[in-house]
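Open the model in your viewer and keep the selection panel at hand. The tour below goes stop by stop.

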Amino acid sequence: MLLHSYVIYPFSLKLFLWLRNFNTQVKELDEFELPFVSTITAVFNEESVIQQKVISILESDYPKNKLNVYLGSDCSTDRSDFLMLQLAKENSNIHFARFDQRRGKASVVNDLVENSFQVHAQNENHILIFTDANVILDTKAIRNMVRHFIDSNIGLVDSRIIPFNQVVTGIAPAEIRYINLETLVKNWEGKLWGVMMGAFGGCFAVRSTLVSKIPTYLITDDFYLSMMVLEQGASCINDTEAICYEGIPSQMKEEFKRKLRISSGNFQSLAVFKHFLYTAPISRAYAFISHKVFRWLGPLFLLLMYLTSGCLAIGFGNYYIPVFITVNILFFAIPAIDWILSRIGIHVMILRGIRYFISMNLALLLGLFRYLKGIKHSVWEPPKRNHIT
């Protein structure tokens with residue numbers, strides 16, 4: 001199953017694309033064709049990046065009279081509120097709301113969406129861009145995302161997140177390779193069938209008529225909004241020319257915390273959209289199972305592999321003992337060796353990649369346990385990450 005998800009499935013997408021001939025040219029919109037855009041950003045303690053973030057939106061190559069910025073503070077305790085308030089005083093198209101009680105990202109996003117609909121109605125000519133506080137937009141990012149909405153079938157357009165980290169010795173290289181592969185797979189899913197399996201979350205645009213209210217207990221709000229667009233029959237794609245930049249953690253501990261939180265949200269999503277497993281269209285079911293479900297269940301497959309190889313080695317010996325030894329080396333010895341080497345400043349790429357993969361699956365397993373215990377809110381803490389310079 002894991003081999004299918006990580007190797008066979010991407011290869012099958014590439015094969016389908018090769019068999020079909022696509023016209024990938026996208027029409028640039030004239031000024032009068034550009035829709036109204038509202039950006040939505042929930043903030044908690046982001047004083048180190050929030051000014052740079054907002055300025056990147058304001059300096060976008062997009063008409064100022066068609067761009068509104070909505071910022072919501074989930075009871076921040078640092079200088080974020082002060083900085084956003086100053087920006088709002090200096091720019092009439094910035095709308096800042098502070099919430100005095102921590103309720104989680106979903107609640108803040110829902111309120112900001114409602115605020116935006118009071119200024120511009122929910123219609124075909126109004127696009128919402130959901131973007132995280134630490135994601136910096138390229139000047140062309142907004143224009144390149146919204147140009148696709150001239151096609152009435154398009155419901156969501158994701159950007160291309162360029163991961164940034166000046167530290168090349170931590171987990172950043174492994175994370176960057178993973179993000180780049182994910183971007184490619186999502187691009188192929190969108191081009192083939194319009195069923196891109198979830199926006200990355202850093203920055204994506206949704207036609208306002210297809211925006212759904214997010215249940216407040218959900219952690220992966222971006223995945224929920226994406227799947228609801230598919231459920232309403234519209235297409236989800238990404239545009240690799242709509243570029244944004246995001247600083248990512250270099251420490252395994254920080255990335256593990258982030259993965260653990262996302263993993264809990266993945267199982268929430270599986271419960272909400274389980275009907276995607278057996279309902280039409282087939283392309284959506286194929287992408288959902290291959291790209292998401294098999295990966296989410298990956299730690300259970302690995303656990304099963306470990307137990308069966310151990311039982312076979314104990315029961316039958318001979319040929320199965322080397323297999324069991326190999327599994328132990330992969331699961332325990334290599335991550336331990338990589339950890340020891342990293343403590344003395346030695347970094348081996350292949351060892352780090354295996355440790356990253358094992359760590360990611362351990363986070364998924366713990367995320368499953370956290371989900372089974374019950375999740376009641378989507379309150380979050382920003383990880384320690386490198387910022388864009």
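This is a predicted model: local features need pLDDT of at least 70, side-chain atom pairs count only at pLDDT 80 or more; totals for chains, interfaces and linings use all residues.

Select residues 252-272 for helix α8 and residues 349-373 for helix α12. Their axes come within 7 Å and cross at roughly 45 degrees. The crossing is right-handed. Now colour the contact of α8 with α12 by residue class: 13 of its residues are nonpolar, 6 are polar and 6 are charged.

**Next stop: the largest nonpolar core**

This core has 49 residues. Select V113, F130, L156, V206 and F288, which touch the most other members. Helix α7, residues 221-231, gives the most to this core, with 7 residues. Nonpolar side chains tend to be buried together in soluble globular proteins.

Zoom in on V113. Leaving out residues up to four places away in sequence, V113 touches I40, L128, F130 and V211. Another core lies apart from the largest one. That other core has 35 residues; to find it, select some of them, including L71, M84, A88 and F149.

**Last stop: helix α7**

How many of the residues of α7 are buried? The count is 10 of 11, so the helix is mostly covered, with buried meaning under 20% relative accessible area. Select the buried ones: D221, D222, F223, Y224, L225, S226, M227, M228, V229 and L230. Then move on to G233, which follows α7. The phi of G233 is positive, near 90 degrees.

Key
Residues are numbered from 1 along each chain as its sequence is written. Side-chain values use heavy atoms; hydrogens and water are left out. Axes are lines fitted to C-alpha atoms, for helices over the stretch in contact, and angles run from 0 to 180 degrees between N-to-C directions. Helices (H or I, at least four residues) and strands (E, at least two) are DSSP runs, numbered from the N terminus. A crossing is left-handed if the near helix is turned anticlockwise from the far one by less than a right angle, and right-handed if clockwise. Ala, Val, Leu, Ile, Met, Phe, Trp, Tyr, Cys and Pro count as nonpolar, Asp, Glu, Lys and Arg as charged, and the others, Gly among them, as polar. A nonpolar core is a set of buried Ala, Val, Leu, Ile, Met, Phe, Trp, Tyr and Cys residues joined through side-chain atoms within 4.5 Å. Buried means under 20% relative accessible area, exposed over 50%, partly exposed in between (1.4 Å probe, protein chains only). Contact means heavy atoms within 4.5 Å.
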